[in-house]
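This report concerns aromatic ring pairs, charges over rings and the surroundings of selected residues. The sequence and the structure are shown first.

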Amino acid sequence: GVLCGPLQLAAARNEFEPASFVSYSFKDVDKAELRVSPLTAKEGTIPAASVDLKVVKCWYQTGTAWHSYFADATGRSMVPELLLNDETLVKVDTTTQDNYLRADYPEGAKYLWISFPASVKVPFNAERTPVADAKTLQPFRLDAGRFKQFWVTVKVPGNAVAGVYRGRIEILCAGTAVASVPLAV
């Protein structure tokens with residue numbers, strides 16, 4: 001990869017096109033955010049609202065995860081798999097290799113253990129448990145010396161005219177832009 005190198009996508013009208021980039025933080029940041037600009041070309045504009053941003057959450061999968069198609073319930077593998085707007089929806093304990101899902105009850109949030117649901121005495125009921133991701137990307141944490149992956153999905157409007165549309169995705173820490181990733185569609 002190239003430091004602050006461009007994300008370049010090719011897409012047709014009415015198409016959803018994904019891309020991904022990774023950030024690396026040199027210091028701990030409790031509240032970082034992403035901000036995307038409109039994508040402009042001389043032919044027109046793709047609005048910023050057409051660019052969906054998600055955090056790629058790493059969590060533990062039982063079995064052999066993506067290493068084999070054979071199931072092995074005794075092992076757990078860290079997998080970058082969940083696309084979330086609120087990364088705090090799932091909490092991961094790297095010491096015990098357990099996953100916890102946040103349920104937002106009226107009396108307060110509670111993290112429920114979800115690592116190996118077959119062994120849970122009271123099964124998780126998605127219909128009754130108040131669990132939902134945020135509708136938009138929420139501020140997230142950056143840990144010094146660690147990478148964080150983001151998923152970008154561009155929805156090209158049906159009336160877009162052919163051309164190269166350019167914009168940027170800014171990483172903000174405490175409201176100040178600290179990096180910018182060029183985006184070309």
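Where is V156 found? In this predicted model, V156 is found in the loop between β12 and β13, the latter spanning residues 166–173. V156 counts as buried, at 5% relative accessibility. Leaving aside neighbours within four places in sequence, the residues in contact with V156 are A11, A12, R13, N14, E15, I46 and V185. P47 is 109 residues from V156 along the chain, and the C-alpha atoms of the two are separated by 9.2 Å.

**Aromatic pairs**

The count of aromatic pairs comes to 4. One of them joins F21 and F150: the ring centres are 5.3 Å apart and the planes meet at 25°; because planes under 30 degrees apart count as stacked, this pair is stacked. The pair links distant parts of the chain, with F21 in strand β2 (residues 16–24) and F150 in strand β12 (residues 147–155), 129 residues apart. F21 is buried, with a relative accessible area of 8%, and F150 is buried as well, at 1% relative accessibility.

Y24 and F147 form a tilted pair, with ring centres 4.9 Å apart and planes at 55°. Since Y24 lies in strand β2 and F147 in strand β12, this pair ties together parts that are 123 residues apart in sequence. Y24 counts as partly exposed, at 37% relative accessibility, whereas F147 is exposed, with a relative accessible area of 62%.

Ring pairs also link F21, F140 and F150 into a cluster.

**A residue of strand β2**

S23 has its place in strand β2 and counts as buried, at 9% relative accessibility. Leaving aside neighbours within four places in sequence, S23 is in contact with L142, R146, F147, K148, F150 and I171. Two of these partners, F147 and F150, also take part in the ring pairs described above: F150 pairs with F21, and F147 pairs with Y24.

The accessibility values of the residues discussed are collected below.

| Residue | Relative accessible area | Class |
|---|---|---|
| F21 | 8% | buried |
| F150 | 1% | buried |
| Y24 | 37% | partly exposed |
| F147 | 62% | exposed |
| S23 | 9% | buried |
| V156 | 5% | buried |

**Charge over rings**

Over which rings does K91 lie? The charged end of K91 sits over the ring of Y100, at 5.8 Å from the ring centre. K91 also lies over the face of Y111, where the distance to the ring centre is 4.4 Å.

How values were computed:
Residues numbered from 1 in each chain as written. Predicted model: local features only at pLDDT ≥ 70, side-chain atom pairs only at ≥ 80, totals over all residues. Heavy atoms only, no water. Phe/Tyr/Trp six-rings, centres within 6.5 Å; stacked < 30°, edge-to-face > 60°. Helix = DSSP H or I, 4+ residues; strand = E, 2+ residues; numbered from the N terminus. Buried < 20%, exposed > 50% of the residue type's maximum accessible area, 1.4 Å probe, protein only. Lys NZ or Arg CZ within 6 Å of the ring centre and 35° of its normal. Contact = heavy atoms within 4.5 Å.
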